[in-house]
Amino acid sequence: MSPAAPLALIGRAVLAGLAAVGRVTLFALQALSHLLRPPFYGREFAGALLQIGWLSLPVVGMTAVFTGGALALQIYSGGARFSAEAVVPQIVAIGMVRELGPVLVGLMIAARVTSSIAAEIATMKVTEQIDALVTLSTHPMKYLVAPRLLAALLVVPALVAVGDVIGIAGGYAVATGPLGFNAAGYLKNTLDFLEPLDVLSSLAKGCAFGGIAALMGCYYGMGSGRGAQGVGRATKGSVEAAAILILAANFLLTGVFFSA
Amino acid sequence: MIRIRNLSKSFGANAVLRGVDLDVARGQSLVVIGGSGTGKSVLLKSILGLVPPDAGQITVDGQDTQGRNHEAFLSRFGMLFQGGALFDSLPVWQNVAFRLLRGSLRRPQAEARALALDKLRRVGLGPEVADRLPAELSGGMQKRVGLARAIAADPKVIFFDEPTTGLDPIMAGVINALIREITTEMGATTITITHDMASVRAIADRVAMLHDGRIRWTGPVGDLDSTDDPYVRQFIHGHPHGPIEALR
């Protein structure tokens, strides 16, 4: 084996990675451009709003309420080590709104919505339904991608807001129940401590994560290989990519909002 | 009407089309025959722009199909896909009226539904199937719905991709007869790809055989049985031995 072989291997991997980034970026730009140009498909947009938003509420609510409750328990027991049990309302609020609410909702959307979009579009591709759309003078990016992307950009921030509130409510229920906090005092501390920037960052993250989730589902679906194996690979790849990109975007956005 | 010159398409190292030349006159029914994997579907998809050709020229009514307004270009075409390619999430009538519910051909919903029911009736399906989902229909009924969708906007050119694949002989005969009746009645130009010889004899005015990426033989359907071309003779008689290599 040539001594340069490992370098060549690394080089090929880097080039392949950059090519993938380029393809995803072009796909995203193309999808965004279709948001601004007619025709617009209202019925498909309404369906996407229902699928991504309304039907995700139960899983988002359940995730948030248990996370908020567990967070309250952790902070209480951890804070007790240095007599700081009283900070439970503040830390639950900041933890849910700044980090756990957006990230967990984003990951739940990646699991529920990205997989569903990828599987649906990939199945349409392997059964020639996407070719059929084209022959019926309908652009697949406009009909399949744009409505889902727009719906995710609009509705995931709303889901994050709902998740934040339910998560704080979970923490409140645990704190005012088993932990014995005063209810009015807990709410006052929560509301006093949160700042507009916390809420703004939460909603901005929701918007970014929604966009990533929808784009990855559509990108992998449209690029699916043949047969059941192709659909399976597209679905798996979409969820992996969406989850990693959501976590990376969370790191970047946290830096943008709170690094100063 | 459709003129194809030196059309080539490769997928990696696999050269599927290697310089196809083909003409289809207005109102003519051309059937392209050839073994599996010879590029028949790629030929149709290249004409429609679904698969971009590597080289060559395709003109429809004298105008190059490359670089034109693709939506306007495709509004003259209808296509019946091999597997139907019906949209799973839409009821049958919305599949048929898909083009009439959106875009430049958009009509009021009630009118689009009435037209869809009319096309369904034309292919022998009653109004009771209109609100069913495609998955609730048999294979033969799905083909009929696909045919109704292909003719819904009265296209000038219709493509049929393996229209009888997967159907029993009786249903295949029904679909062949429907295709012949409807295309004659509409005066449409059609290209059908198939390896079902019963379809060829029922549908074709003219036949072209695609082999090794090129048009091997072309002529009127009446000349098919009298040709001396060994490739055509082997194909139409289904002989395992001959110039066409069969993997066994």
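Student: In chain A, what percentage of the contacts with a separation of 6 or more is made by residues 24 or more positions apart?

Tutor: Two residues are in contact if their C-beta atoms, placed from the backbone, lie within 7 Å. Of the contacts in chain A with a separation of 6 or more, the share that joins residues 24 or more positions apart is 87%.

Student: What kind of model is this, and how are residues, chains and ligands labelled?

Tutor: Residues are numbered from 1 along each chain as its sequence is written, while chains are lettered from A and ligands numbered from 1 in the order in which they are written. Local features need pLDDT of at least 70 and side-chain atom pairs count only at pLDDT 80 or more, whereas totals for chains, interfaces and linings use all residues, since the model is predicted.

Student: How many helices and strands does chain A have?

Tutor: Helices (H or I, at least four residues) and strands (E, at least two) are DSSP runs, numbered from the N terminus. Read from the N terminus on, the elements of chain A are α-α-α-α-α-α-α-α-α. The counts for chain A are 9 helices and 0 strands.

Student: What part of chain A is buried?

Tutor: A residue is buried if 20 or more other C-beta atoms lie within 10 Å of its own, exposed if 12 or fewer, and partly exposed in between, with C-beta atoms placed from the backbone. The C-alpha trace of chain A spans about 65 × 60 × 35 Å along its principal axes. Among the 260 residues of chain A, the buried part is 45%.

Student: Are α1(A) and α8(A) roughly parallel or roughly perpendicular?

Tutor: Axes are lines fitted to C-alpha atoms, for helices over the stretch in contact, and angles run from 0 to 180 degrees between N-to-C directions. Helix α1 (residues 5–36) of chain A packs against helix α8 (residues 196–222) of chain A at an angle of about 110°, with the axes 11 Å apart. Angles under 35 degrees count as roughly parallel, over 145 as roughly antiparallel, 65 to 115 as roughly perpendicular and the rest as oblique. The angle therefore makes α1(A) and α8(A) roughly perpendicular.

Student: Which classes of residue form the contact of α1(A) with α8(A)?

Tutor: From α1(A), Val24(A), Phe27(A), Ala28(A) and Ala31(A) meet Leu215(A), Cys218(A) and Tyr219(A) of α8(A). Ala, Val, Leu, Ile, Met, Phe, Trp, Tyr, Cys and Pro count as nonpolar, Asp, Glu, Lys and Arg as charged, and the others, Gly among them, as polar. By these classes, the contact of α1(A) with α8(A) has no polar and no charged residues, and 7 nonpolar.

Student: What is the handedness of the crossing of α4(A) and α6(A)?

Tutor: The axes of helix α4 (residues 88–126) and helix α6 (residues 140–176) of chain A come within 7 Å and cross at roughly 145°. Their contact has 19 nonpolar, 4 polar and 2 charged residues. A crossing is left-handed if the near helix is turned anticlockwise from the far one by less than a right angle, and right-handed if clockwise. The crossing of α4(A) and α6(A) is right-handed.

Student: What percentage of residues 199–220 of chain A is helix?

Tutor: An unreviewed UniProt entry lists residues 199–220 of chain A under "transmembrane region", and residues 52–73 are also among those listed. UniProt positions are given in the numbering used here, feature names are shortened, and annotations may be inferred rather than shown by experiment. Residues 52–73 of chain A have end C-alpha atoms 31 Å apart and are 82% helix. For residues 199–220 of chain A, the end C-alpha atoms lie 32 Å apart and the helix content is 100%.

Student: Which peptide bond of chain A is cis, with omega near 0°?

Tutor: Pro39(A) lies in the loop between α1 and α2 (42–52) of chain A. The cis bond, with omega near 0°, runs from Pro38(A) to Pro39(A).

Student: How are the residues in the contact of α5(B) with α6(B) divided by class?

Tutor: The axes of helix α5 (residues 139–151) and helix α6 (residues 169–186) of chain B come within 11 Å and cross at roughly 10°, which makes α5(B) roughly parallel to α6(B). Among the residues that meet are Lys143(B) in α5(B) and Ile175(B) in α6(B). The division is 7 nonpolar, 1 polar and 1 charged.

Student: Is Asn6(B) buried or partly exposed?

Tutor: Asn6(B), found in strand β1 (residues 2–11) of chain B, has a positive phi of about 50° although it is not a glycine. Because Asn6(B) has 13 C-beta neighbours inside 10 Å, it counts as partly exposed.
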